[in-house]
Structures are given as structure tokens and as C-alpha cells.
Amino acid sequence: MTREPQPLVGVVIPVYNDWPGLQHCLQALARQSYPSALLRVRVVDNGSSDWPQQPLFPLPVEVMRHAKPGSYGARNQAALGWAVDVLAFTDADCEPHPEWIAAGVKALQLGSAPPRLVAGRIELVPRRPDQPSLGEQLDQILGFDQERTVRRAGFGVTANLLIAQAFFHQLGGFHRKTRSGGDRDLCHRAVAQAGSLVFAPDALVRHPARGWDELIHKQRRIVGGRLSLADNN
């Protein structure tokens, strides 16, 4: 039985003023078990002011600039038209597990009719695991449960989302004019166009748990994103 060739995977990472987080993310990508010859990385700087004058990276990276505020527009700039087979989205403050790409690609290819989108597991990690703040504990309880989000709301967040590049292009990418909710909108449009979404527990990324101020900012951003999407429907 002939084994199908492994796809070329393009990782998209938008970043805004998080140079330290980006370095941790890229270091984790450098440790992926997936063949490095089949891995491409595009970092989209969304107007950061904290980069060093001569930035160094732990693996080959293509840096792009997207001056207009908004991470979804930044992701589109990197992903639309890119000559890769699979797009893997994560965030600059995430730390992908070494098996992240391999597990995500495997889940994308399972079955006679492969799912078009894969939402991987997200583990929230306090900054001080031995002394999590009340906000971080609340975020661990309520936030980023990808399995629950896929099951109940029918979408996966872009901290850990994989999709066939051809299907992403067919969908026209993310909604460009929203600051939040673009992942929900993309997944719902994908499923409406005969796509499917699955949860892959082995495709893991770790994400810092949020404190109170960050949780409040997140809620404001979510509400603003929903209003923006509603205005454009």
C-alpha cells in the first residue's frame, strides 16, 4: 500500500509587541517532530515597536509587515495565495508541543473524506504555576476549551487551527474588518460550504493564562468583534 506524501505546512503567526513571546513560540516550532523540509513559517508584524534592530530567529522565518491594525488581516496577508498544502495558525504567545504539526496533519487527513479544519487542544498555563492568580484560575476554568468550543459553538480559535490552504483560499480567508470573532466566522462559513471541523486533542499548544485586566480586555474585544461582524452581514 502506497503511503501518501506528507503535505507542505505553512505556519502563520501574527504578532504585535510581543517579541519575547514570539521567540518562545519560534523556539517551540524549531523542536517540531514534523520534517523541517516540509515546514514553512511566516511571521506577520502587525505594527510592533519592541523588535530589536537586527532580529535573530531560531529557525528560518519569512517576516512580513501588516501596518493596518487587526490580526485577521495580518493572517490573510500571510496565508492567501501561499504555495503550501496546509495552513497552521497559532499566536505569538503560544508554545506549540513538539507533536503539534504532526498530530494536526494526521487529524486533517483522517477518514475517506478528510475534515477541512482541525482545532487542536489549548492548555492554559499560569505565569507562576505554583501560585496562579484568581484571574488565571478563572481563565483556566472558562477559557480556551477547544473541545467544548468545537462541540457547542462549532468553531476553533486561531491559537490552534489548521485548514487545507486550497479551502482557505476558496473561503476568501478571514473577515478583514473585525478585531475579534474572525475564527468563528471562518469556521461557520467553512461548515456551511460542506466543510467539516474536528477536535484533535494530540495537536497541543500551550497558552499563558490571563489575569483580570487581560480578561476584561478580551471580553471588550469579543463584544466589539461580534458587533463588527453583525454590521457587515
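Student: Is T158 buried or exposed?
Tutor: T158 is buried, because its relative accessible area is 4%, and the cut-off for buried is under 20%. Bear in mind that this is a predicted model.

Student: Where in the chain is T158 found?
Tutor: T158 sits in the loop between helix 5 and strand 7.

Student: And what does T158 touch?
Tutor: If you skip neighbours within four places in sequence, T158 is in contact with Y72, R75, F89, T90, D91, F174 and D183. With R75 there is also a side-chain polar contact of 3.2 Å.

Student: What about V157, buried or exposed?
Tutor: V157 is buried, with a relative accessible area of 13%. It too is found in the loop between helix 5 and strand 7. Leaving out neighbours within four places in sequence, V157 contacts I122, F144, Q146 and D183.

Student: You mentioned Q146. Which helix does Q146 lie in?
Tutor: Q146 is in helix 5. Q146 is buried, with a relative accessible area of 2%. Not counting residues up to four places away in sequence, it touches A119, G120, R121, I122, F155, G156, V157, N160 and F199.

Student: Okay, zooming out. How many helices and strands does the chain have?
Tutor: There are eight helices and eight strands. The chain has 233 residues, and 48% of them count as buried.

Student: Let's talk about strand 4. Does strand 4 pair with strand 1 in the parallel or the antiparallel sense?
Tutor: Parallel, over four bridges. One detail there is that G10 has L87 in strand 4 as its bridge partner.

Student: And with strand 7, parallel or antiparallel?
Tutor: Antiparallel, also over four bridges; strand 7 is residues 161-164. V86 has A164 as its bridge partner in strand 7, and L87 stands opposite I163.

Student: Which residues of strand 4 point one way and which the other?
Tutor: V86 and A88 point one way, L87 and F89 the other, and all of them are buried. In a regular strand, side chains alternate between the two faces of the sheet.

Student: Switching to helix 2: how many of its residues are buried?
Tutor: Seven of the nine residues in helix 2 (71-79) are buried, so the helix is mostly covered, with buried meaning under 20% relative accessible area. Those residues are Y72, G73, A74, R75, N76, A78 and A79.

Student: What do the buried residues of helix 2 pack against?
Tutor: They pack against strand 1 (9-15), strand 2 (39-45), strand 3 (62-65), strand 4 (86-89), helix 6 (165-171) and helix 7 (182-192). Just after helix 2, G81 takes a positive phi of about 80°.

Student: Last topic, the core. How many residues are in the largest nonpolar core?
Tutor: It has 61 residues, and those with the most contacts inside it are V11, I13, L22, L29, L87, W100 and I101. Helix 3 (100-109) gives the most to this core, with six residues.

Student: What is I101 in contact with?
Tutor: Leaving aside neighbours within four places in sequence, I101 is in contact with V9, V11, Q32, Y34, L39 and A88.

Terms used
Residues numbered from 1 in each chain as written. Predicted model: local features only at pLDDT ≥ 70, side-chain atom pairs only at ≥ 80, totals over all residues. Heavy atoms only, no water. Helix = DSSP H or I, 4+ residues; strand = E, 2+ residues; numbered from the N terminus. Buried < 20%, exposed > 50% of the residue type's maximum accessible area, 1.4 Å probe, protein only. Contact = heavy atoms within 4.5 Å. Pairing = 2+ DSSP bridges. Core = buried A, V, L, I, M, F, W, Y, C linked by side-chain atoms within 4.5 Å. Polar contact = N/O pair within 3.5 Å; in protein donor to acceptor, adjacent residues only side chain to side chain.
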